[in-house]
Amino acid sequence: MSYPKLDIDCFKIHHNAQLIIEQLALKNVSVTPVTKSCLGHPIIARVLIDAGASMLADSRVENIQRMVQGGITVPKMLIRTPMLSQIADVVAYCDITLNTEFQVIQQLSRVAKQLNIKHGVIIMVELGDLREGIMPNDVIGFIRKVILLPNIIIKGIGANFSCRYGVAPDDKNMQLLSDLADGIEATFGITLDIISAGNSSSINWVLDHQGGTRVNNLRVGEAIFLGCVPVEQNQIVGLYTDAITLTAEVIEAKIKPSLPWGHRGANAFGEKENLHDRGIVSQAILALGRQDVCITGLHPPDDMNIVSSSSDHLILETSKTSLIVGKNVQFGLDYSAVLSAMSSSSVHKAFHHDYKINGSRGTIALGSASQDIGPLAQH
Ligand SMILES: *Cc1c(COP(=O)(O)O)cnc(C)c1O
């Protein structure tokens, strides 16, 4: 096995996905797993389907194409507003897209008509986080135009929270989304199948909410892969937080002074830290760098500190464990680290199939087969 290596434990991802799907089903909310953090890898897609997902979502058409080519047949949702330059691929590979621009839906309609297929759209509503979405007062007027477009089916409405400004879902903005759904249905005499009220950060709201709501879908990535919910503390107990780990190899281990000597300028990245003398330290260099992963998103073992990094080197200081050349160090990852390591062609990916996927549920057989995908074989 080569390093740096991302270990992806399919058993844990399956467990997390199944638990979240089941918990939210009790609230009549479906979960559409979001595969963007693993670039739509078909192995992960199969695990998520096996865990009960009936639709998958990704932010990039290339990832969805990869799933299609990998034989994934469940409906697929593109959760970033399509680029006008990619409309043909979007219609070819995605069943549903999240949308906010009339011009884009017009082009989706034109291509869908040429291909004689129907394309589903979910209209995104701005509820305060100020990323994608139509202002609530403009939604009825927007749908009045969209409803006239051939080969477009208005599947529902949606919203996103906690992304740009961290604006959280609450009773007030969720009620507005429900009211808009009712208003659209009454105005146009249509039924909206999907009211998709956000990402992992909406899970706690759904679980806590009492009483009626039109919200019936969430698009969930982080909670499945990292076992935690952004914004607040984790409410679903029993999720694995170590389904994905990164292991790197020590290439130098020395006792050195903590203070550099010689004339000092900025480092290779234009940074100049303020330093103080911490005496003699036990330092190790790992073959891992900014080219491989977003270093600030790594969680080292308890008795180790990440002190610096460059494109290819990570410098750790250890207090208890003494590292030696050839030894491995395993890190936990946050969302930015998972995203960057997954997309890095220099990180090996090992998918651990701890169970057999045969499409039926409840057939988890423990085993330890693993597959090294990569570093360059991931696309
Ligand atoms: C990434 C994304 C999600 C999933 O977010 P998580 O925090 O990973 O659950 C949902 N919806 C949209 C529009 C996204 O871009």
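**Domain contact and salt bridges in the predicted model**

Between domain 1 and domain 2, 1 residue pair is in polar contact, with both residues at pLDDT 80 or more; a polar contact is a pair of N or O atoms within 3.5 Å, where within protein one must be able to donate a hydrogen and the other to accept it, and residues adjacent in sequence count only if both atoms are side-chain atoms. The side of domain 1 that touches domain 2 draws two or more residues from each of α1 (10-25), α2 (42-50) and α9 (222-226); helices (H or I, at least four residues) and strands (E, at least two) are DSSP runs, numbered from the N terminus. The residues of this side divide into 7 nonpolar, 3 polar and 3 charged, where Ala, Val, Leu, Ile, Met, Phe, Trp, Tyr, Cys and Pro count as nonpolar, Asp, Glu, Lys and Arg as charged, and the others, Gly among them, as polar. The structure is a predicted model, in which local features need pLDDT of at least 70 and side-chain atom pairs count only at pLDDT 80 or more, while totals for chains, interfaces and linings use all residues. Residues are numbered from 1 along each chain as its sequence is written, and side-chain values use heavy atoms, with hydrogens and water left out.

The domain assignment of the protein chain places domain 1 at 9-236 and domain 2 at 245-352; such bounds come from an automatic or database domain assignment. Taken over C-alpha atoms, the centres of domain 1 and domain 2 are separated by 37 Å. In all, 13 residues of domain 1 are in contact with 9 residues of domain 2 (contact: heavy atoms within 4.5 Å). The two domains bury about 950 Å² between them, with 75% of it on carbon and sulfur atoms; buried area is the accessible area (1.4 Å probe) that two parts lose on being put together, summed over both. In domain 1, the most area is lost to domain 2 by Ser 37, Leu 39 and Leu 226, together 44% of what that side buries. The count of salt bridges between domain 1 and domain 2 is 0 (salt bridge: a side-chain nitrogen of Lys or Arg within 4 Å of a carboxyl oxygen of Asp or Glu).

By this rule the salt bridges come to 9. One of them joins Lys 12 and Asp 242, with the closest N and O atoms 3.3 Å apart. Lys 12 lies in helix α1 and Asp 242 in the loop between α9 and β10 (244-257), so the pair ties together parts that are 230 residues apart in sequence. Lys 12 is buried at 17% relative accessible area, whereas Asp 242 is partly exposed at 38%; buried means under 20% relative accessible area, exposed over 50%, and partly exposed in between (1.4 Å probe, protein chains only). The side chains of Lys 5 and Asp 7 also meet in a salt bridge (2.9 Å, N to O), with Lys 5 buried at 10% and Asp 7 buried at 11%. A further salt bridge pairs Glu 271 with Arg 290 at 3.1 Å between the closest N and O atoms. Glu 271 lies in the loop between β10 and β11 (280-286) and Arg 290 in the loop between β11 and β12 (298-299), 19 residues apart. Asp 182, Glu 185 and Arg 214 are linked in a network of salt bridges.

Arg 131 is located in the loop between β6 (119-124) and α6 (139-146) and is partly exposed at 43% relative accessibility. Its side chain makes a polar contact with the side chain of Glu 132 (2.6 Å).
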